[in-house]
Amino acid sequence: NCIVTCCEKPMQNVSHLQIISEHKFASDYLGTKISLKDTYPVLLGIFALRDQLNSTRIDIGKLTWKWQQSEGFVNEHHETATMQQISKFLHKELKMQLEREVAQDLPKDVVLYGFGRIGRIVARMLIEKTGGGHKMLLRAVVVRNKKIDGDLEKRAQLLARDSVHGPFDGVIEMNTEKRQLIVNGNVIQFIYANHPSEIDYTAYGINNAVIVDNTGAWRDREGLSEHLKAKGASEVILTAPGKGVPNIVAGVNYHEIDTEKEKIYSAASCTTNAIVPVLKVMHDKFAINHVHCETIHSFTNDQNLIDGMHSKPRRGRSAPMNMVLTNTGAADAVALALPELKGKVSGNAVRVPTPNVSIAILMMNVASVTSKKEVNDYLYKVALNSRQIGFDGTGELVSTDVVGDRHAGVVDADSTIVEVLSKEGESPMSSVIIYTFYDNEAGYSSQLVRVLQRMTGKGLRGEDEVK
């Protein structure tokens, strides 16, 4: 139950060609050659520690890069490096994971309330992780009680095929009589209901479940509390900004999660998740005076395919044909995760004719004299140890390159702009502009799953807050 990745790319249940490709990606990402010959002895060392690393996530690419910088490593042929030296290095680097105790408890039941874009991607991720040390089981999906012929079959097809993220990697079977999908051997009960109060989860053998509300029908404490009235439900998390409940951005304010005292949480929005980790580390280092976030956002299913009525301004116009100015709640939501930036953030958004991946342009004034090199070097160092912040220094990144990326956001370092504003004798001040790409579906869903792991106590060792 040790999950091995290579610069956040999966290393398990993939082909040998994918493994080679992921090593090439790691070399580009880390700025130094990372070959199979480099990672193999490190992987052997990890294998020797397997009994002590239960429920742990290890990035073999980043760990090998650190090994190459260590005293024990001499050259790419490992001429003087022994397994004893590698073992000593691993014991030092993985000290926290090796010493942390892991409770041998039962898996946590998870219920998806809704099965839209985010619901289906989260379902894929939870199924992918089942049995891999994550100890969260997707037990049921709740959908509205509409009389649609072949409803279960249609939902199975939507899970199996996705126009943006491609085919599902696995086998999906149906039991229409029991209203179940059996996905890679995992039985997922479909429950048809129009309100949480109609549901008794225990009737399906589901107990103490965390309910993932991805409908957006309820966004405040009063509405979300309806889920807790359902028998068998224990906690709730909303996949949108929540009012009057803790808004959690994975890797930033995990410390606010305490399910003994609070049962309802929000995972904020995709844009909030993309920008908050970057803003946190920039504020820690350079002290932000003010930041404006302009989001170039892919269209979503609340817009119209062709011109028609809509409750919000401009969104009634055809999404595939127009750039649509709109507002964003991300600016206000930043302060919920980073109170130190309250009153210092503004924001706006433009919806554009692409189906997925967005860009957040962070224009900030900081109380420091800095440079493009210093900012990028700092963000690169942070990214090496972060599951939230990705980094690209090629100068060739475009939106489709980020489809499926599981970082909250990917900094495009080549686009960073820095200008010193202060003159000699004045208080230090610089203007910094950072471009961050993010998969507003897969990146956000990954962040949601990380929050779920913290809420349920089923997270893997080695997943901490961004620094």
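This is a predicted model: local features need pLDDT of at least 70, side-chain atom pairs count only at pLDDT 80 or more; totals for chains, interfaces and linings use all residues.
User: How many helices and strands in the protein chain?
Analyst: The protein chain has twelve helices and 19 strands. These are DSSP runs numbered from the N terminus: helices are H or I with at least four residues, strands are E with at least two.

User: What box do the C-alpha atoms fill?
Analyst: Along the principal axes, roughly 65 × 55 × 45 Å.

User: And what about the radius of gyration?
Analyst: The protein chain has 23 Å, which agrees with the value near 23 Å for a compact globule of 467 residues. That radius is taken over C-alpha atoms, and the globule rule is 2.2 Å times the number of residues to the power 0.38.

User: How much of the chain is buried?
Analyst: Buried residues are 54% of the 467. Buried means under 20% relative accessible area, exposed over 50%, and partly exposed in between, with a 1.4 Å probe and protein chains only.

User: What share of contacts comes from residues 24 or more positions apart?
Analyst: Such pairs account for 72% of the contacts with a separation of 6 or more. A contact is heavy atoms within 4.5 Å.

User: Switching to charges. How many salt bridges?
Analyst: The count comes to 15, a salt bridge being a side-chain nitrogen of Lys or Arg within 4 Å of a carboxyl oxygen of Asp or Glu.

User: Which residue does Arg155 pair with?
Analyst: Arg155 forms a salt bridge with Asp151, with the closest N and O atoms 2.9 Å apart. The two are four residues apart in helix α7 (residues 151–160), so about one helical turn separates them.

User: Are those two buried or exposed?
Analyst: Both Arg155 and Asp151 are buried.

User: What does Glu262 meet in a salt bridge?
Analyst: Its partner is Arg221, at 2.9 Å from N to O. Glu262 lies in the loop between β10 (233–238) and β11 (264–266) and Arg221 in helix α8 (residues 221–224), so the pair ties together parts that are 41 residues apart in sequence. Glu262 is buried at 16% relative accessible area, while Arg221 is partly exposed at 33%.

User: And Asp302, which arginine does that one meet?
Analyst: Asp302 meets Arg351 in a salt bridge of 3.5 Å, N to O. This pair links distant parts of the chain, 49 residues apart: Asp302 is in the loop between β12 (288–298) and β13 (324–326), and Arg351 is in strand β14 (residues 345–352). Asp302 counts as partly exposed at 29% relative accessibility, and Arg351 is buried at 11%.

User: Which residues do shared partners join into one network?
Analyst: Arg117, Asp162 and Glu441 are joined by salt bridges that share partners.

User: New topic: where is Met364?
Analyst: Met364 is in strand β15 (residues 358–366), and counts as buried at 1% relative accessibility.

User: What is Met364 in contact with?
Analyst: Leaving aside neighbours within four places in sequence, the contacts of Met364 include Leu279, Met282, Ile288, His290, Ser430 and Val432. Met282 is 82 residues from Met364 in sequence, and their C-alpha atoms are 9.6 Å apart.

Definitions and conventions. Residues are numbered from 1 along each chain as its sequence is written. Side-chain values use heavy atoms; hydrogens and water are left out.
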